[in-house]
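Please read the points below alongside the sequence and the structure.

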Amino acid sequence: MADQYYDPKDLRKFGKITEWSEELGNKFFDYYGAVFQEGELTQREKSLIALAVAHTEQCPYCIDAYTKDGLQRGITNKEMMEAVHVGAAIKSGATLVHGVMMMNKVNKLDG
Amino acid sequence: MGATKSLKKTGNELAQANKQLEILSNGIFKDELPTFAKKIKETNQFPLRPRKLEILQINVGYMCNQVCDHCHVDAGPDRKEIMTWETMEECLEVIRNTGAHTLDLTGGAPEMNPHFRRFVEEASKAGIKDFIVRSNLTIIRANKKYYDLPDFFKKHNVHVVSSMPHWTRGKTDKQRGDGVFDKSIKALQELNERGYGMPDSDLRLDLVYNPSGAFLPGDQASMEKDFKKALMEDFGIQFHNLFAITNLPIARFLDYLIASENYEDYMYQLVEAYNPMAVESVMCTNTISISWDGYLFDCDFNQMLQLPVNSKIKHISQYNEDILLDRDIVISQHCYGCTAGAGSSCQGTVA
C-alpha cells in the first residue's frame with residue numbers, strides 16, 4: 001500500500017481491474033465504451049456530462065480523465081467550468097431542496 | 001507566456017539533437033515502456049520500410065516571424081539556417097524528375113526565405129499535381145512586402161496549409177503568441193476573398209490543428225466540424241479540410257513537457273494509444289524530407305533530431321529515388337507521436 005490513498009499514476013492501471021475478474025471487468029469496459037459512443041447525444045455532450053458528474057462524485061481520476069478528454073475535443077475552459085457549475089447547482093440544489101423536508105417537519109411538530 | 005527566442009538562441013541544452021535523443025531513449029523507456037522498435041516488432045513491422053514516394057517535403061529554412069511554444073523546429077526570428085539558391089536549384093532538378101505527386105514547402109516561415117518566390121515560380125512549372133506551402137498566416141500580415149502573398153499563391157495555384165490551434169483567440173495566442181489570432185483571421189479572410197477555401201474551389205486551403213498542451217488531438221472529423229461552424233459563425237471564414245496533428249516530443253514541445261512535468265504522462269498516452277494500423281501508412285513511408293542545407297531525412301522530425309536517412313544517398317546533390325527507397329527508416333521514441341490513435345502526419349490522420 002502506498003503512503004497515500006490517491007496516486008495519479010494509478011489511473012494508468014485502471015484497465016488492470018480485469019485481471020482479477022476478467023468477465024465482469026470486460027463487461028464493465030464494454031459497457032463503458034458503448035456509453036460514450038456517439039448516440040442521440042454527441043461525444044462532446046457526453047464528455048461534458050461526464051466532467052460534471054466527475055465533480056459531483058469528487059473522483060480525482062475522473063476529473064483528470066475528463067478534463068483531458070475535454071481539451072482533446074477542443075472544449076473551452078469556459079464550457080468546462082459551466083458544466084462544473086451545473087453539477088454544483090444540482091448538488092447544492094439537492095441539499096437545499098431537503099429544506100422542504102425540514103419545513104414540513106417543523107410545520108408538523110410546531111405548526 | 002510565449003517565448004520570444006529559440007532554444008538555440010537561449011543556449012538551452014534541448015536545442016541539441018543528441019540531448020533530446022538521450023532523453024527519449026532513457027528514463028521511462030529504460031524499464032517501464034517499450035521502445036518504438038520493440039513495439040513495432042510485436043506487430044512484425046520492423047524494420048519500417050518506405051512504400052511509394054508520394055511527397056517531397058522541403059524545409060527552406062528555420063527562420064520564422066513567430067516563436068510558437070510547441071514548435072518542433074525551434075524556429076524563430078533568430079534562426080539563420082536558410083536554404084541558398086544553389087541548394088534550391090538542386091531541389092528543382094529533383095522536383096522536375098521525381099515520381100512524387102506532392103511538393104510540400106515548409107520552414108520556419110517558408111516565405112521568409114529571400115528566394116522563396118523565385119523558387120515557387122520555378123517549381124510550379126514542374127507540373128507537380130499538388131503544390132503545398134505551409135504558411136503560418138501571420139506572415140501575410142507581418143510586413144507590407146508580404147501583403148500580396150494571397151495573390152501570389154493564387155497565381156501559382158499553391159495549396160495553402162495553415163496552422164490554427166483553435167477557433168478562439170485565447171487558446172491560439174497562448175500557443176502562438178499575442179495577436180496571432182487576429183492576424184490569422186485577417187489572413188484567412190483575404191485568402192477566402194481570392195477564392196481560397198471556398199466550397200468547390202480548386203484553390204485549396206486546409207488548416208492544421210495541433211493541441212495547445214500536453215494532450216492528444218481529438219477526432220479529426222469532429223474537430224473539423226467544430227472549427228468550420230465557429231469560424232463561419234464568428235468571422236464568415238471557410239476552409240476545406242482540417243488536419244489534426246499530434247505534437248511530437250521534440251524541441252520546444254519536449255522542453256515544455258519536461259518543464260510542466262507532463263513528459264511521462266504524455267509518453268504513456270502516446271504508447272497506450274499506439275495503433276499498428278497507423279504504422280502501415282505513417283508519413284515517413286511515403287515522404288522524403290529535405291533540409292535547408294540539402295540533406296535528406298525520413299521526415300521533418302528526424303531532420304530536427306539530425307537523424308539522416310539510412311542510405312548511401314545523404315544529400316540532394318546525390319539524389320537517386322530508387323536507391324533512396326531501398327532503405328530502413330530511422331526510428332526513435334518520438335515516432336510514437338505519429339502512430340497514436342488515428343495516427344498523425346503533415347496531412348493529418350493516417351488510419
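In this predicted model, the axes of α2(A) and helix α4 (residues 77–97) of chain A come within 8 Å and cross at roughly 50 degrees. That angle makes α2(A) oblique to α4(A), and the crossing is right-handed.

**α2(A) with α4(A)**
- On the α2(A) side, the contact is formed by Leu48(A), Leu51(A), Ala52(A), Val53(A), His55(A) and Thr56(A).
- These meet Glu79(A), Met80(A), Ala83(A), Val84(A), Val86(A), Gly87(A), Ile90(A) and Lys91(A) in α4(A).
- By class, the contact holds 9 nonpolar, 3 polar and 2 charged residues.

**α2(A) with α3(A)**
- Helix α2 (residues 43–56) of chain A also packs with helix α3 (residues 60–72) of chain A, the axes coming within 9 Å and crossing at roughly 155 degrees.
- With an angle over 145 degrees counted as roughly antiparallel, α2(A) is therefore roughly antiparallel to α3(A).
- The crossing of this pair is left-handed.
- From α2(A), the residues involved are Ser47(A), Ala50(A), Leu51(A), Ala54(A) and His55(A).
- Their counterparts in α3(A) are Cys62(A), Ile63(A), Tyr66(A), Thr67(A), Asp69(A) and Gly70(A).
- The residues of this contact divide into 6 nonpolar, 4 polar and 1 charged.
- Leu51(A) and His55(A) take part in the contact with α3(A) and also in the contact with α4(A).

**Helix α12 of chain B**
- Of the 9 residues of helix α12 (residues 251–259) of chain B, 7 are buried, so the helix is largely enclosed by the rest of the structure.
- The buried residues are Ala251(B), Arg252(B), Phe253(B), Leu254(B), Asp255(B), Tyr256(B) and Leu257(B).
- They pack against α1 (7–10), α2 (17–25), α13 (263–272) and α15 (300–304) of chain B.
- Just after α12(B), Glu261(B) has a positive phi of about 55 degrees.

**Contact between chains A and B**
- 12 residues of chain B are in contact with 8 residues of chain A.
- On the side of chain B that touches chain A, helix α11 (residues 220–235) of chain B gives the most, with 3 residues.
- That side of chain B divides into 6 nonpolar, 5 polar and 1 charged residues.

**Confidence**
- The mean pLDDT of chain B is 95, and 99% of its residues reach 70 or more.
- The model scores ipTM 0.79 and pTM 0.91.
- Where pLDDT is low, the predicted coordinates should not be read in detail.

Notes: Residues are numbered from 1 along each chain as its sequence is written. Chains are lettered from A and ligands numbered from 1 in the order in which they are written. This is a predicted model: local features need pLDDT of at least 70, side-chain atom pairs count only at pLDDT 80 or more; totals for chains, interfaces and linings use all residues. pLDDT is the predictor's confidence in each residue, from 0 to 100. A residue is buried if 20 or more other C-beta atoms lie within 10 Å of its own, exposed if 12 or fewer, and partly exposed in between; C-beta atoms are placed from the backbone. Helices (H or I, at least four residues) and strands (E, at least two) are DSSP runs, numbered from the N terminus. Two residues are in contact if their C-beta atoms, placed from the backbone, lie within 7 Å. Axes are lines fitted to C-alpha atoms, for helices over the stretch in contact, and angles run from 0 to 180 degrees between N-to-C directions. Angles under 35 degrees count as roughly parallel, over 145 as roughly antiparallel, 65 to 115 as roughly perpendicular and the rest as oblique. A crossing is left-handed if the near helix is turned anticlockwise from the far one by less than a right angle, and right-handed if clockwise. Ala, Val, Leu, Ile, Met, Phe, Trp, Tyr, Cys and Pro count as nonpolar, Asp, Glu, Lys and Arg as charged, and the others, Gly among them, as polar.
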